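Dear colleague,

Please find the structure below.

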Amino acid sequence: MFNESDFKYMKMALGEAKISFQRGDLPVGAVLTIDEKLIGRGGNCANTLDKWSSHAEFIVLDMFSRTLKNKEKSSVSTLYTTWEPCLMCLSISRMNRLDRIVYACPDPIGGATKLNPSKIGEWYTKKWSKIEHGIYKEESFNMLVKYCIVALSGLLIIGNCLLYNFIKVGEDNIYLHGLSHTHFPV
Ligand SMILES: [Zn+2]
């Protein structure tokens, strides 16, 4: 399902997530490619810029919107993101006629990729991005857990809420493994 480029660019997106983490933002990174060539990359800046909308995917897609608009019709645009896109990022993907979205880890709280485009209007169904996930999901998840633990020192309620949801998902699948290494006192 995933090729060599997918692994390469998701790893790059993880690098962007790490940069976000280091400056105190939510560790989510995104990379945009066209025909497997790098177009742009970025990370979440919501804390740094003090804006709710500064998500990694939104920043990258908005910055290279003109490039996407002028690409050859036969070219394939792909967005790699370390976390499942939210409603806003899914929406800007559609507005930019993105061909493909690859994300690493599902977001049990704010992920919107299960949205059925046929329920929200005919226009959306005409070019809905192909969505794939699961590549480097443990790496992405572990970074998020680390961020939550740091966030807990100052934002107890938000941190607890995030962890609670992760644990709920973890009971059913692989995420429990990720949490077992955090030694988080829950
Ligand atoms: Zn988003």
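**Helix 2 and its surroundings**

The crossing of helix 2 and helix 4 is left-handed, that is, the near helix is turned anticlockwise from the far one by less than a right angle. Helices here are DSSP runs (H or I, at least four residues), as are strands (E, at least two), numbered from the N terminus. This is a predicted model, in which local features need pLDDT of at least 70, side-chain atom pairs count only at pLDDT 80 or more, and totals for chains, interfaces and linings use all residues. Residues are numbered from 1 along each chain as its sequence is written.

The axes of helix 2 (residues 56-63) and helix 4 (residues 87-95) cross at roughly 20 degrees and come within 9 Å; axes are lines fitted to C-alpha atoms, for helices over the stretch in contact, with angles from 0 to 180 degrees between N-to-C directions. Helix 2 is therefore roughly parallel to helix 4 (angles under 35 degrees count as such). Helix 2 contributes Glu-57, Phe-58, Leu-61 and Asp-62 to the contact, and helix 4 contributes Met-88, Cys-89, Ile-92 and Ser-93 (contact requires C-beta atoms, placed from the backbone, within 7 Å).

Yours sincerely

Conventions
Parallel < 35°, antiparallel > 145°, perpendicular 65-115°, else oblique. Contact = placed C-beta atoms within 7 Å.
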